[in-house]
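Trainee: Could we go through this model together? I would like to ask things as they come up.

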Amino acid sequence: MLPVERIIGEEGLTATPRGARLAMRLPWYRSLPFSTVEVAGVTLDGAPVDLTDAVVEFDDASFPLAEIGEQTNAFWFVRDSAFLVLPGVQLAADSEHEVSLLLHVNPPYIPGMKRVNPQTATLRVN
Amino acid sequence: MTVANGPQMGVTLYSFTNEWLTRQFELDTLLREVAKRNLGPNIEIIGFQSFKEFPDVSDDFASYFKDLIAETGLNPVSCAINSDRFMKPGQQPIDDADLVEYHKRQLRSAKKLGFKLARGQFALPAHLLPELAPFCEDLGMQMGVEVHAPMWARHPAVLEYREMYEKLDSPALGWIPDFGGTARAIPPSLLDAARAIGTPEALIEITKEIWAEDGPSYVKAGKLREIAAAKGYEQAHLQACTLSFFILSNNDPKSWAELVDRTIHIHGKFYGVSDEGVEEAIPYEEILPLFRDGGFTGTIVSEWEGHAYCAVDAFEQVRRHQAMCRRILAEAPVAA
């Protein structure tokens, strides 16, 4: 896997009081407005996770995943992970899970281009 | 009497995308590494790659960056900005006024950081140039549009810009050629990367044949997709091959001569320089003399893009590329 193909972040999977928190990397060479990114799916141990109430956290900001398409002036710095918080998903500390993430990017200066990025990894809960 | 200097060499930090994304370097350590290896002093930086605060950098960050530049002795020539017109996928582009303001934010930041010029993109429609030219002139910045594959000197979008450039005749506007638009072949290193993930030789042969044909890149890429679908090739293998249609095209290298007079900066795009000092896909021996003998005195930044498909040492590739360019630039002018 090339560095630009990585979408599961180095910080991995964490259990928090707000639910499971998954680190995501932006699969592009530059920062992009969050509005051009789609979190198209997450599976945990083979089962799809309901993303209806998922929340995106980046630095000190957070917004509902459902509103990511409106985030035209919030930029995902390409070196940093953004985090997907999954309310209702409670994971035991130190347990191991197979996580699949599907993320699409639509570079805002290349009309019509959609890059599809899947990744699956086995992660131990932090 | 002043003597015009020939083209100067430098590097864009984009060459080190792999090292950057894998967090092997911070901005300060990367700039120090470039300086230590004598790959500058001229540098280009993509605002949205290296500056977290882009498109609006703070005074504190600008001060920090200028201190780094002073310490390393590097020369911040070009800041690549982006024409992000399609902010909402599948919807209408943003308003012209918003797009102009988006450019102004980036241009102000580039100026604040000490850059002399900005790299723009064709996603900025030519009819907005009359608004940005006086802004750039007042700011004391130049803005050049990057002529990147599939664009080339006679592409309709380039001709439209050319007409506007001639009408405005502003010293703030110009071209930034990217040599990927005039390649002689698909880089062998790209095809090797496709082979390494198991792409069948038959698909690679079809790719080479279609790539060498005349016609727009998107049409050729579509043709390859149709053939691959009919023959049942895997998506990953197809994707490894179609990359070549988006980063390179096979237009006439001599056509750059038509853009030399308004060229303000150059992207020395390359994929792999051999032990003998020859780039594997782009005919530098044909292209560079056009700029050398045409009076271009700006900067050529080495832009290694092999990171789109492989992970060899980018620093060594840039060193080889700069040595190759210096060799060609030092040769005697070609008689007219």
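Trainee: What distance separates the centres of domain 1 of chain B and domain 2 of chain B?

Mentor: Taken over C-alpha atoms, the two centres are 28 Å apart, and the domain bounds come from an automatic or database domain assignment. Before we go on, this is a predicted model, in which local features need pLDDT of at least 70 and side-chain atom pairs count only at pLDDT 80 or more, while totals for chains, interfaces and linings use all residues. Residues are numbered from 1 along each chain as its sequence is written, with chains lettered from A and ligands numbered from 1 in the order in which they are written.

Trainee: Which residues belong to each domain of chain B?

Mentor: Domain 1 of chain B covers 8–185 + 251–329, and domain 2 covers 188–245.

Trainee: And how many residues does each domain of chain B give to the contact?

Mentor: Domain 1 of chain B gives nine residues and domain 2 of chain B gives seven, where two residues are in contact if their C-beta atoms, placed from the backbone, lie within 7 Å.

Trainee: Switching topic, is strand E6 of chain B mostly covered or uncovered?

Mentor: Strand E6(B), residues 173–177, is mostly covered, with five of its five residues buried, meaning that 20 or more other C-beta atoms lie within 10 Å of a residue's own. Strands are DSSP runs of at least two residues (E) and helices of at least four (H or I), numbered from the N terminus.

Trainee: What stands opposite Leu173(B)?

Mentor: That is Met143(B), and five bridges join the parallel strands E5(B), residues 142–147, and E6(B), where pairing takes at least two DSSP bridges.

How values were computed. Buried ≥ 20, exposed ≤ 12 C-beta atoms within 10 Å, placed from the backbone.
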